[in-house]
Amino acid sequence: MIITIGRQFCSGGSEIGRKLSERLGIPYYDKNLYEFAAKNRGFSTKYVKEIEETPTGSFLYSMAMFPYVDFGADNMIPSGIAIAADQTSYILEKAKEGPCIFVGRCADSVLSERKDVFNVFIYADSQSRLKRAMERYGLSEKEAMKSIQQTDKYRASYYNMNSSNKKWGMKESYHIMLDSGALGIDGVVDILEKIYRDKTEKKV
């Protein structure tokens with residue numbers, strides 16, 4: 001089974017993915033996705049991250065903000081779109097290799113044709129997220145709140161543009177939504193581990 005994890009900023013989604021990977025002994029892909037795209041296009045990982053954290057409401061914005069790259073056969077397209085295409089190819093490639101966990105990058109939409117994918121969304125209350133942002137990034141409460149609001153907006157925009165008939169953070173888009181503020185990081189990992197083992201054991 002493949003698990004995809006969508007998440008609110010500073011809800012602990014990446015940590016949950018990493019811990020679940022360790023418990024289940026299956027690969028975990030998060031930063032690897034933009035590192036692959038950066039290497040593939042000859043960009044710095046910082047540049048790729050900047051593109052991913054930029055509002056993606058329209059292709060016109062991407063065309064205006066970022067340079068074009070050669071996509072083969074003399075076709076020049078915006079680098080933001082090329083990076084998204086590279087990440088999609090990487091997700092499809094890794095999914096073919098066996099059970100794994102993907103965090104973000106619309107992996108649930110990319111793998112929507114597969115029947116062995118379980119889609120998760122992690123969220124948390126404002127205070128839990130503020131505390132995490134302040135501790136993790138050394139931000140003031142005001143800075144943390146701004147960062148949370150902006151990043152959630154960017155993630156929603158990216159997801160909604162790249163996922164047909166699905167909306168970021170809406171229950172209809174996922175198999176399960178878990179509150180890491182109420183359950184705790186390890187509590188969420190416990191639940192997902194049980195779901196994974198129950199589903200894979202039934203198949204065996």
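Predicted model: local features only at pLDDT ≥ 70, side-chain atom pairs only at ≥ 80, totals over all residues.
1. Let's start with arginine 7, which sits in strand S1, residues 2-7. Arginine 7 is buried but makes no salt bridge. Aspartate 30 has the nearest side chain of opposite charge, and that is 4.3 Å away.

2. What does arginine 7 touch, setting aside neighbours within four places in sequence? Its contacts include Asp30, Phe121, Arg155 and Trp168. Gly13 and Ser14 are among them too, and both of these are buried residues of H1.

3. Now for H1 itself, which covers residues 13-24. From first C-alpha to last, this 12-residue helix reaches 16 Å, close to the 16 Å expected at 1.5 Å a residue.

4. Which residues of H1 are buried? They are Gly13, Ser14, Ile16, Gly17, Leu20, Ser21 and Leu24. Looking down the helix axis, these buried residues fall within an arc of 160°, so they line one face of H1. As background, an α-helix has 3.6 residues a turn, so residues three or four places apart point the same way.

5. Two cysteines deserve a look at their backbone. Cysteine 10, in the loop between S1 and H1, isn't a glycine, yet its phi is positive at about 65°. Cysteine 10 is buried, at 8% relative accessibility.

6. Cysteine 106 lies in the loop between strand S5 (100-103) and helix H6 (107-110). Its phi is positive as well, about 55°, though this residue is not a glycine. With a relative accessible area of 6%, cysteine 106 is buried.

Technical notes. Residues numbered from 1 in each chain as written. Heavy atoms only, no water. Helix = DSSP H or I, 4+ residues; strand = E, 2+ residues; numbered from the N terminus. Buried < 20%, exposed > 50% of the residue type's maximum accessible area, 1.4 Å probe, protein only. Lys, Arg positive; Asp, Glu negative; His and termini not counted. Salt bridge = Lys/Arg side-chain N within 4 Å of Asp/Glu carboxyl O. Contact = heavy atoms within 4.5 Å. Expected span 1.5 Å × (residues − 1). Arc of directions from axis to C-beta.
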